[in-house]
Amino acid sequence: MIKSTSSDTDANGGILGVSGFTFINWSGTARCVPQLYFRPVCRDHLLNILASARRHGCPVKVIGCGHSPSTIALTTGYMISLNLLNRVLDIDKDKLRITVEGGMRFDSLVDILYANGMALPTLSSILDQTVAGALATGNHGSGRNYGLIATYVTHLELITADGNQLSLSASAQPGTDDSILFSACLCNLGSLGVIVSVTLQCEPAFNLAIYSLPCSLDSLLNSLERRSRSSEHFRAVWFPHTDGVICYHSNRTAGPTTPPNPSIIDRILSSHLVMYDLLEFLYWLASFYPPLVKLINLFYYHFVVSRGSDSIRVDRSDRVFAIDCLFQQRVSEWAVPLPCAVDVLRKLAKHFDSGAFYAHYCVEIRFVSADDILLSPAYRRDSCFINVMSFRPYQQDVDYQRYFDAIQSVALEVGGRPHWGKLSSHQLGPHIHRSLFPKFDAFTAIRKRLDPQGMFLNEFLRSVFGIHVDRQTEIHGREEI
């Protein structure tokens, strides 16, 4: 969300930068007023903006759709939105590849792919995100044999702080500088430059048959390994303070889509009124008496969400992958080694039972295969991603810190790695990051080489990399380690 309080005031290479804008992320948890806000429409415009930033010694932050609940997108300098750099550059139907500009949103991309008989092998739950944004924070879906979205990138173009344009490919010889740079760009935190184009490896368009099944938490945990391998895309959602879990099994199918045919009661229970308005109101009430959360979760599990379970639906793949995030929320997600997932979830259950805090639904449990991306939470290990959330009813925070501290504590005990786009990741500091991410120092060296003056740094990234800045010279990007 971006609010304007004044008109265009500054020109840079023919591009007007707008002052007085307030950027607010989707969850309402982070906001800033950049010095100037830009929406370039072509690569030359972008190069002119970066040249202006160099001349004025101004920091730069590139934003996508602002879905991260953290402060990763904030800046006091130039803010560049890529939402007009969203064109399709090439479609190769023989190789099943598409090349798009970095500002292409997934909710537009999936329709373009479908019209050309293609689809991405996996998608994250939220489609109103940009392709470049997905590479910044390591977005992922779920499936034991499927990696981060970034693992399907075959080629990308990056513009660095000095205006240099790099063309990097997955086909680069392993161990070469280009290969290492390519890996760094696939989870880059927005710290290396501006990703202006991305080529994605697709597959023929496909439908998914999704089967949802309620079960107990003990049943899930006693068979997590088997269940996670029982379908191509398995995920589970657990309702805290209850024993209730919904398991979602999705597999490719040649069958046709099945039109929904819910009963009148199911239509009501799945309506916006119940799933959004009523839930928000109830969680708001619970902010005055937190133990109500347990009853709310129990009600929604037994009488709302699980009613539609134990059924099969067939639909276009992207429509199965995507889910409704409902209303504003804070989120924390951790990638734990797959063999440790059951232990982590059992310890989290003990925290729920302790009554030390009350947790909104749901705990989302997903699976991602190992990769070789330098800052990937799934670097060289199959991982279980455990996502927890705290809703913000009527844009008001509830007490979430003890909940998030609990998941962080149990995840760190087993070497869990934070999701870069969600809360907690910047709070750990470089020493802990170094212990969790084996290639952290290698990435840091690349960042300093590509952006020696720290043009793309902000408070979030300085915290991640342990960089201290003299406040009197911050605007000029001088950094100390």
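I began with isoleucine 159 and looked up its bridge partner in E13, which in this predicted model is glutamine 165. Isoleucine 159 belongs to strand E12 (residues 153-159), and I noted that five bridges join E12 to E13, the two strands running antiparallel.

I then traced the sheet as a whole and found five strands in the order E9-E10-E14-E12-E13, forming an open sheet with antiparallel pairing. Strand E9 (88-92) and strand E13 (165-169) stand at the edges with a single partner strand each, so one side of each has no neighbour in the sheet. From one strand to the next, the twist averages 10°.

Next I looked at what lies across this sheet, and I found helix H2 (residues 106-115) placed across E9, strand E10 (97-101) and strand E14 (194-201), running at about 145° to E10.

I turned to helices H4 and H14 (residues 440-450), whose axes come within 11 Å and cross at roughly 100°. Angles of 65 to 115 degrees count as roughly perpendicular, and therefore I wrote down H4 and H14 as roughly perpendicular to each other. Asp177, Ile180, Leu181 and Ala184 of H4 make the contact with Phe443, Ile446, Arg449 and Leu450 of H14.

Last, I looked up the second largest pocket, which has a volume of about 450 Å³. Of its 20 lining residues, the closest to the centre are Ser179, Phe182, Ser183, Asp372 and Ile373. Helix H4 (residues 177-185) gives the largest share of this lining, with four residues. The lining has twelve nonpolar, five polar and three charged residues.

Technical notes: Residues are numbered from 1 along each chain as its sequence is written. This is a predicted model: local features need pLDDT of at least 70, side-chain atom pairs count only at pLDDT 80 or more; totals for chains, interfaces and linings use all residues. Side-chain values use heavy atoms; hydrogens and water are left out. On a 1 Å grid over the protein atoms alone, a cavity is a set of points where a 1.4 Å probe fits but cannot get out, and a pocket is an open set with protein on both sides within 12 Å along at least five of seven lines; lining residues have an atom within 4 Å of a point. Grid points are joined across faces, edges and corners, and a volume is the space filled by probe spheres set on the points. Ala, Val, Leu, Ile, Met, Phe, Trp, Tyr, Cys and Pro count as nonpolar, Asp, Glu, Lys and Arg as charged, and the others, Gly among them, as polar. Axes are lines fitted to C-alpha atoms, for helices over the stretch in contact, and angles run from 0 to 180 degrees between N-to-C directions. Angles under 35 degrees count as roughly parallel, over 145 as roughly antiparallel, 65 to 115 as roughly perpendicular and the rest as oblique. Contact means heavy atoms within 4.5 Å. Two strands pair if DSSP finds at least two bridges between them.
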